[in-house]
Amino acid sequence: MNKSFCALSISVIALVILAACRPAPQPEPPASPTVPARPTVAIAPTATATRAPTASPVPTLIPTIAPTTAPAAMPTVAPTSAPAAQPTSTPATAPTVQPPPQPMDIPVTPDASGAVLDLFNRTNALRAANGLAAYRLVNRLNAAAQRHSDDMANANNISHTGSDGSNVKQRVLDTGYGDWPVSENIFGGVATVDDTWDFWTTDPAHRDGLLSQQFRDVGISVVKGKAGTSYYTMVFGARPSQAPDPTAAPAPTLVAVVPVPPTATPNPALDAVVDLFNRTNALRAQNGLPPYRLSDKLNTSAERHSQDMANTSSIDHTGSDGSTAKQRIRDTGYEAQFTGEDIFGGVATVDDAWDFWSTDPPHRATLLNQLYVDIGISVVKGQRGTFYYTVDLAKPTSP
């Protein structure tokens with residue numbers, strides 16, 4: 001019995017010892033929103049910067065994981081926080097080299113516009129003195145000339161090869177003139193119209209262009225460059241008069257600041273001006289008369305009256321302000337000894353205007369007048385498909 005008691009006591013003592021060695025059960029920790037996220041916080045490089053990164057992330061503190069955790073939440077933060085690390089995110093500001101100057105950097109000034117008319121008139125006077133027909137002024141060749149003068153001015157270089165590698169043939173083709181024989185005269189530097197003309201008329205190769213019997217058309221451009229320089233281009237073309245005139249953008253040489261690309265919208269009014277000018281001089285040549293000189297001042301007076309007729313939807317030699325053709329011409333600064341004017345308007349094409357002027361005796365007499373020397377032409381588009389045409393003619397008091 002004592003042995004049984006001892007054995008029992010030993011068993012009880014062992015159980016007590018085992019119970020004493022077992023750790024006391026701990027209470028369940030209270031739920032906390034930050035505890036489940038702690039493992040991810042522990043491996044984040046910014047865990048010490050914030051106590052609750054999953055509840056209120058700070059984008060600027062974790063730019064390297066922003067694209068994978070919340071790409072849409074901070075599209076504008078990354079470039080400002082680390083622009084050097086993301087050069088591809090701001091390609092517009094990456095280049096450090098300034099782009100080359102564009103043609104529009106060097107506008108065509110009124111002086112340059114006057115030089116264009118001067119060279120055109122000198123050329124046809126030289127041709128008349130040598131028994132040759134007058135050149136026709138063609139907008140598409142004006143476009144090719146304008147493009148090259150702008151290019152030479154921007155590059156400060158005088159060459160028949162453009163900065164884009166183009167030659168005169170390519171530049172003319174780009175305007176839509178057609179694949180016909182072409183040639184080109186150029187000049188540039190600190191040079192006046194007289195300097196240019198003296199060189200072109202005395203150098204045999206350039207004089208041949210002015211007096212060619214093969215070419216029929218001409219385009220001219222003069223651009224003011226930097227430091228008092230000017231760049232001159234004259235392009236000649238041999239498209240036959242009966243050849244179809246392809247649709248292409250005209251070059252606003254007289255008032256242009258940018259060369260006209262081939263895809264630009266055509267300007268019917270400007271085309272009509274050039275068309276009427278060429279028809280007038282062709283008619284004069286058929287009747288043994290010298291060509292008219294195109295005058296920028298007479299262009300201005302004609303433009304004023306065409307615009308006035310378009311605004312008032314009326315066809316009259318007296319302007320809405322009571323002015324006459326002589327007064328409008330005088331207002332431009334042109335000192336005239338004799339003046340004349342032809343007008344036309346309505347839903348009318350160039351053919352309509354020309355048919356009337358060339359068949360009606362008083363108007364035909366104006367076109368074939370032996371006293372007038374200079375001409376100015378304007379065509380303005382009015383409302384509801386109307387056009388208003390004005391031709392001003394004059395002889396200056398001094399040559």
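## Basis of the description

Buried, as used here, means under 20% relative accessible area, exposed means over 50%, and partly exposed lies in between, with a 1.4 Å probe and protein chains only. This is a predicted model, in which local features need pLDDT of at least 70 and side-chain atom pairs count only at pLDDT 80 or more, while totals for chains, interfaces and linings use all residues. Residues are numbered from 1 along each chain as its sequence is written, and side-chain values use heavy atoms, with hydrogens and water left out. Helices (H or I, at least four residues) and strands (E, at least two) are DSSP runs numbered from the N terminus.

## The loop between E7 and E8

Gly382 sits in the loop between E7 and E8, and its relative accessibility of 18% makes it count as buried. Leaving aside neighbours within four places in sequence, Gly382 is in contact (heavy atoms within 4.5 Å) with Ala310, Phe387 and Tyr388. Its C-alpha atom is separated by 9.2 Å from that of Gly345, a residue 37 residues apart from it along the chain.

Arg384 lies in the loop between E7 and E8 as well, but counts as exposed at 72% relative accessibility. The phi of Arg384 is near 55°, a positive value in a residue other than glycine. A positive phi of about 55° is also found at Asn156, again not a glycine; Asn156 belongs to the loop between H6 and H7 and is exposed, with a relative accessible area of 58%.

## The four-stranded sheet

Four strands form an open sheet in the order E5-E7-E8-E6, with mixed pairing, where two strands pair if DSSP finds at least two bridges between them. Strand E5 (293-294) and strand E6 (336-346) stand at the edges with a single partner strand each, so one side of each has no neighbour in the sheet. The pairing of E5 with E7 is parallel and runs over two bridges, and Arg293 has Asp374 of E7 as its bridge partner.

Helix H11 (residues 296-312) packs on the sheet, where it touches E5, E6, E7 and E8, and its direction makes about 30° with that of E7. H13 packs on the sheet too, touching E6 and E8, with its direction at about 130° to that of E6. For these angles, axes are lines fitted to C-alpha atoms, for helices over the stretch in contact, and the angles run from 0 to 180 degrees between N-to-C directions.

## Helix H7 and its surroundings

Helix H7 (residues 168-175) has Val168, Arg171, Val172 and Thr175 as its buried residues. Seen down the axis of H7, these residues fall within an arc of 95°, so they line one face of the helix; the arc is that of the directions from the helix axis to the C-beta atoms. Their cover includes helix H6 (139-155), strand E2 (182-189) and strand E4 (230-237).

At the start of H7, a side-chain oxygen of Asn167 comes to within 3.2 Å of the backbone nitrogen of Lys169. Just after the helix, Gly176 adopts a positive phi of about 90°.

## Nonpolar cores

A nonpolar core is a set of buried Ala, Val, Leu, Ile, Met, Phe, Trp, Tyr and Cys residues joined through side-chain atoms within 4.5 Å. The largest one has 50 residues, and Leu119 and Tyr389 have the most contacts inside it. Its largest share, seven residues, comes from H10. Apart from this core lies another, of nine residues, including Val138, Val172, Tyr177 and Val182.

Methods
A polar contact is a pair of N or O atoms within 3.5 Å; within protein, one must be able to donate a hydrogen and the other to accept it, and residues adjacent in sequence count only if both atoms are side-chain atoms.
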